[in-house]
Amino acid sequence: MDELQNQFELIADGLAEKGYGIAENFLSKEEVAAIRGLKVLQSDIETLQKAGIGKENKQINEAVRGDHIQWIDAATAPMELKIVLEKIELLRTYLNRTLFLGLKDFEVHIARYPAGAGYKRHLDQFKKDDHRKISVVCYLNEGWKAEDGGQLKMYFPDHSLEVLPEGGKLICFRSDSIEHEVLPAGRERASLTGWMLDQYSDLRHL
Ligand code: OGA
Ligand code: MN
């Protein structure tokens with residue numbers, strides 16, 4: 001079985017059994033390095049939009065959420081990102097075939113957290129919009145160490161789990177049920193973050 005299929009299987013098994021799945025090597029070191037070179041990651045972080053909370057009437061509250069984001073338009077994305085979008089699309093159809101999730105589309109943004117910023121405990125589904133089914137986060141940090149912090153902390157009924165945001169790692173989890181938090185890091189923390197939806201993305205109408 002080829003390596004990508006292997007990664008897909010790990011994610012699908014994890015989602016089915018525990019509500020989350022991790023692929024340690026979804027992207028190669030070279031793919032991460034190529035994305036790191038893009039303007040969206042190299043530019044001054046203030047040139048990206050400050051992330052808001054909620055779907056309508058977005059509020060900016062840095063005490064809750066301190067990242068800066070840029071939505072990715074698949075049609076105009078640079079080749080380095082298109083490669084990742086294609087892998088996520090293959091994963092979407094794989095999850096539909098194996099877990100019958102009825103996922104129709106996905107939408108992603110680049111997220112950059114300046115040193116010291118985090119995202120307090122939350123669920124990814126909006127109160128009035130439950131179309132986000134599976135959260136997908138692919139980390140873009142080179143040489144990340146445990147002491148850099150920035151873990152994704154997931155909460156379960158009787159335990160919690162911390163995942164380091166190491167470059168190339170992909171984590172998927174159920175958007176409707178897994179509460180999670182981004183712990184502050186000692187250095188900037190970057191990811192490609194998105195959601196698989198049970199309808200077509202609004203981004204198509206932008
Ligand atoms: C989010 C989020 C997790 C992470 O953007 O909603 O929870 O590890 N991200 O970046
Ligand atoms: Mn989240």
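Donors to a metal are taken here as N, O and S atoms within 2.8 Å of it, and because water is not among the atoms, sites may look incomplete. In the predicted model, the manganese ion (ligand 2) is coordinated under this definition by NE2 of His-122, OD of Asp-124 and NE2 of His-180, at 2.1 Å. Along the chain, the donors of the manganese ion follow the spacing H-x1-D-x55-H. His-122 has a relative accessibility of 14% and counts as buried because the value is under 20%. The corresponding value for His-180 is 3%, so that this residue also counts as buried.

Polar side chains of the shell approach oxygen atoms of ligand 1 at several points. For Tyr-139, a polar side-chain atom lies 2.6 Å from an oxygen atom of the ligand, while for Arg-189 the corresponding separation is 2.8 Å. His-122, which is also a donor to the manganese ion, has a side-chain N or O atom 3.2 Å from an oxygen atom of ligand 1. Of the 290 Å² of accessible area that ligand 1 has on its own, the protein covers 99%.

A further site considered is Ala-51, which is placed in the loop between strand E2 (49-50) and strand E3 (68-71). Ala-51 has a relative accessible area of 2% and is therefore classed as buried, the cut-off being under 20%. When neighbours within four places in sequence are left aside, the contacts of Ala-51 are with Ile-60, Arg-65, Asp-67, His-68 and Ile-69. The C-alpha atom of Ala-51 is separated by 7.2 Å from that of Gly-66, a residue 15 positions away along the chain.

Definitions and conventions: Residues numbered from 1 in each chain as written. Chains lettered and ligands numbered in written order. Predicted model: local features only at pLDDT ≥ 70, side-chain atom pairs only at ≥ 80, totals over all residues. Heavy atoms only, no water. Polar contact = N/O pair within 3.5 Å; in protein donor to acceptor, adjacent residues only side chain to side chain. Areas by Shrake-Rupley, 256 points an atom, 1.4 Å probe, with all protein chains shown as cover. Donors = N, O, S within 2.8 Å, 3.2 Å for Na, K, Ca; no water. Buried < 20%, exposed > 50% of the residue type's maximum accessible area, 1.4 Å probe, protein only. Helix = DSSP H or I, 4+ residues; strand = E, 2+ residues; numbered from the N terminus. Contact = heavy atoms within 4.5 Å.
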